[in-house]
Amino acid sequence: TGNPEGIKAIMTADPDTFEPPFGESLGVFLGKSSLFMMSGAAHRAARKLLMPPFHGARMRAYGTLMRDTTLRWLRDLVPGRRFVMQDLTQAITLDIIIEAVFGVRGAERIRRFHDDLVATVASFSPLIVVFKFLRHNFLGVGPWARFQRRFSALRQLVFEEIAAHRAAPEGRQDILSLLILARHEDGGGLSDQEIFEHLLTLLMAGHETTALALAWACYFLHRNPQVLDRLRAELATLGAPPQDADPEAIAKLPYLEAVCQECLRLRPLPIVSRKLARPLTVLGYELPAGMLLGAGAYLVHMNPELYPEPEQFRPERFRDRTYSPFEYLPFGGGARRCIGAAFAMYEMKIVLATLLATSRLELAEKKPVKSVMRAATVGPKGGVRMILTERLS
């Protein structure tokens, strides 16, 4: 349903009404400790444990890291040469996760994590999700064997990092360190395997989604020069170049926030899925246990009664009014709303402001970029090809 009342019925229902919608397939990669795999009391306890690092001063401590990571990758761009924006934003967001979430330090170690994570994700074939009979090691040949080799190597690498953090936890603000310190209500801590599975969940939820949003943002801004000019004018009010400004000052810029909100409205996760563990009434329909429900984010975001001329990129609409969580849901909603929503929005603002402050870019192709469905996201076909025309600093 794309009806706000129907979405409200789903998002405000008792959380115990639902169970993980894609548990078996996701469990192959994420493990049983993942938030995606949990429901009921176990899900609530895990969210309570994981929420603190994503709010307040702890989250804001990552602002400088986000800026510096962006600058590091921008240095590799060659003026006048084409590049794919999605490749750039995926590299930036992955390194931010490696440092802010996994807590990895040192250029060589970061590079090794980067390469291993990319290789592991690339080895995860949809075939092993769809066809259970392929989840066997056929004498070391086939998609399952390839995935298991890459996954085992990554697991070993992360367990080494966990051991190093446990041995020397002082002075660390990364999410891995905070998970090591986290305690259940009974005083017990998390095992290495639980920490590993939580880290994988954060990687899956926060890497490609943010990278795609940033690539779309660059596309929409450079297709709408008047919006780009207004955003640059707002960045100029900081009193210092964004690459030198306080990340908190950047995050508070109202038009920058509206630009990010509009990008997420136009290209959200299309459907927020729930699976019924018990019957539920939605818009007068009696739905039985076992049924899969979808809160249609794309449908409601394209409702012309809520968003006049919905296909147009118009950030001002978020300055003119406030939308309810059943009219605007880029991060899902209810008890299963994305735990890293604030982190992702903060990251979008810092990366986008830094990129625009240091580089003048143009689209390499004038024709509109089409959308293409990925596993659970909507990406730009071709990744948005751009050209660096000038370095501003």
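Q: What makes one face of strand E7 (residues 359–363) covered and the other uncovered?
A: Ser359, Leu361 and Leu363 form the covered face, while Arg360 and Glu362 form the uncovered one. In a regular strand, side chains alternate between the two faces of the sheet. A strand here is a DSSP run of E, at least two residues, and a helix is a run of H or I, at least four, both numbered from the N terminus. By the way, this is a predicted model: local features need pLDDT of at least 70, side-chain atom pairs count only at pLDDT 80 or more, and totals for chains, interfaces and linings use all residues. Residues are numbered from 1 along each chain as its sequence is written, and side-chain values use heavy atoms, leaving out hydrogens and water.

Q: How do you know that E7 and strand E10 (residues 385–391) pair?
A: Pairing takes at least two DSSP bridges between two strands. E7 and E10 have 5 bridges, in the antiparallel sense, so they count as paired. Leu361 has Leu388 as its bridge partner in E10.

Q: Why are strand E1 (18–19) and strand E6 (292–296) said to stand at the edges?
A: The open sheet has 3 strands, ordered E1-E3-E6 with antiparallel pairing. E1 and E6 each have a single partner strand, so one side of each lacks a neighbour in the sheet. E1 pairs with strand E3 (residues 271–276) over 2 bridges, and Glu19 sits opposite Lys275 in E3.

Q: What makes the set of 110 residues a nonpolar core?
A: The term means buried Ala, Val, Leu, Ile, Met, Phe, Trp, Tyr and Cys residues joined through side-chain atoms within 4.5 Å. Buried is under 20% relative accessible area, exposed over 50%, and partly exposed in between (1.4 Å probe, protein chains only). This is the largest such core, and Met85, Phe102, Leu221, Val259 and Leu352 are those with the most contacts inside it. Helix H18 (residues 341–358) gives the most to this core, 12 residues. A second, separate core has 8 residues, including Ile10 and Leu280.

Q: Which residues does Met85 touch?
A: Leaving aside residues up to four places away in sequence, Met85 touches Ala215, Cys218, Leu355, Leu361, Gly383, Val384 and Met386. A contact is heavy atoms within 4.5 Å.

Q: How do you know that the radius of gyration agrees with a compact globule?
A: The radius is taken over C-alpha atoms, and the globule rule is 2.2 Å times the number of residues to the power 0.38. For 393 residues that gives a value near 21 Å, and the protein has 21 Å, so the two agree.
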